[in-house]
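This briefing covers the ring pairs, the nonpolar core and the surface of one protein model. Please keep the sequence and the structure in view while reading.

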Amino acid sequence: KGSDGSFLYCAWFMVLFWSCDFISNFLTSFTREDKLVRDFRAIAMQYAKSWLFIDLSVVSVDWLAIGLQSVSDPSGTGNTDAKKYIKIIRLLKAFRLVRVLAVLRSGRFAQVQEAAVRRTNVLG
């Protein structure tokens, strides 16, 4: 039972984190031709062309995992279908590392950091 409780706390943390990340990507400006783009529609279109569907799948898998965990049998007996699905979802969540590595490799992190520095220089 302790293991299931720990999983549930971690699952809730992850689903809340990735859900906030998903929403914040619609509010995060980006640079185009050395200009900072802040228009919501342009940001949404850029996000749709890049990470929207990957992020949506991550958030969906997290919500699905929490849903399946809440309906699975905590006694450890029965409801083996739900347990199989939970194991599959845990495996799918492991593939999230691919996204993080892709972000680091693509330079997106560096672009965000550079935009923040530019904004700080303009404001300060």
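Phe 22, Phe 26, Phe 40 and Tyr 47 are linked into a cluster by ring pairs; rings of Phe, Tyr and Trp (its six-membered ring) pair if their centres lie within 6.5 Å, and planes under 30 degrees apart count as stacked, over 60 as edge-to-face and the rest as tilted. The model is predicted, so local features need pLDDT of at least 70 and side-chain atom pairs pLDDT 80 or more, while totals for chains, interfaces and linings use all residues. Residues are numbered from 1 along each chain as its sequence is written, and side-chain values use heavy atoms, leaving out hydrogens and water.

**Overall make-up**

- The protein has 6 helices and 2 strands, where helices (H or I, at least four residues) and strands (E, at least two) are DSSP runs numbered from the N terminus.
- Along the sequence the pattern reads α-β-β-α-α-α-α-α.
- Of the 124 residues, 27% are buried; buried means under 20% relative accessible area, exposed over 50%, and partly exposed in between (1.4 Å probe, protein chains only).
- Among contacts with a separation of 6 or more, 61% join residues 24 or more positions apart, a contact being heavy atoms within 4.5 Å.
- The accessible surface is about 8900 Å², and 66% of this surface belongs to carbon and sulfur atoms; the areas come from the Shrake-Rupley method with a 1.4 Å probe, and for residues only the protein chains shown count as cover.

**Aromatic pairs**

- The count of aromatic pairs is 7.
- One of them joins Trp 12 and Trp 63 edge-to-face, at 5.7 Å centre to centre with 90 degrees between the planes.
- Because Trp 12 belongs to helix α1 and Trp 63 to helix α3, this pair ties together parts that are 51 residues apart in sequence.
- Trp 12 is partly exposed at 36% relative accessible area, and Trp 63 is partly exposed at 40%.
- Phe 26 and Tyr 47 also pair edge-to-face, since their ring centres are 5.0 Å apart and their planes stand at 90 degrees.
- That pair links distant parts of the chain, with Phe 26 in the loop between α1 and β1 (30-32) and Tyr 47 in helix α2 (residues 40-49), 21 residues apart.
- Phe 26 is partly exposed, with a relative accessible area of 21%, whereas Tyr 47 is buried at 3%.

**Nonpolar core**

- The largest nonpolar core has 7 residues: Trp 18, Phe 22, Tyr 47, Trp 51, Leu 52, Val 58 and Val 59.
- Two or more residues of this core come from each of α1 and α3 (52-71), and α3 gives the largest share, 3 residues.
- Such a core is a set of buried Ala, Val, Leu, Ile, Met, Phe, Trp, Tyr and Cys residues joined through side-chain atoms within 4.5 Å.

**Helix α1 and the surface**

- Ser 19, in helix α1, is buried at 13% relative accessibility.
- Leaving aside residues up to four places away in sequence, Ser 19 touches Val 59 and Trp 63.
- Leu 16 lies in helix α1 (residues 2-24) and is partly exposed at 46%.
- Ile 23 is also in helix α1, and is exposed at 53% relative accessible area.
- The C-alpha atoms of Ile 23 and Asp 55, 32 residues apart along the chain, are separated by 9.9 Å.
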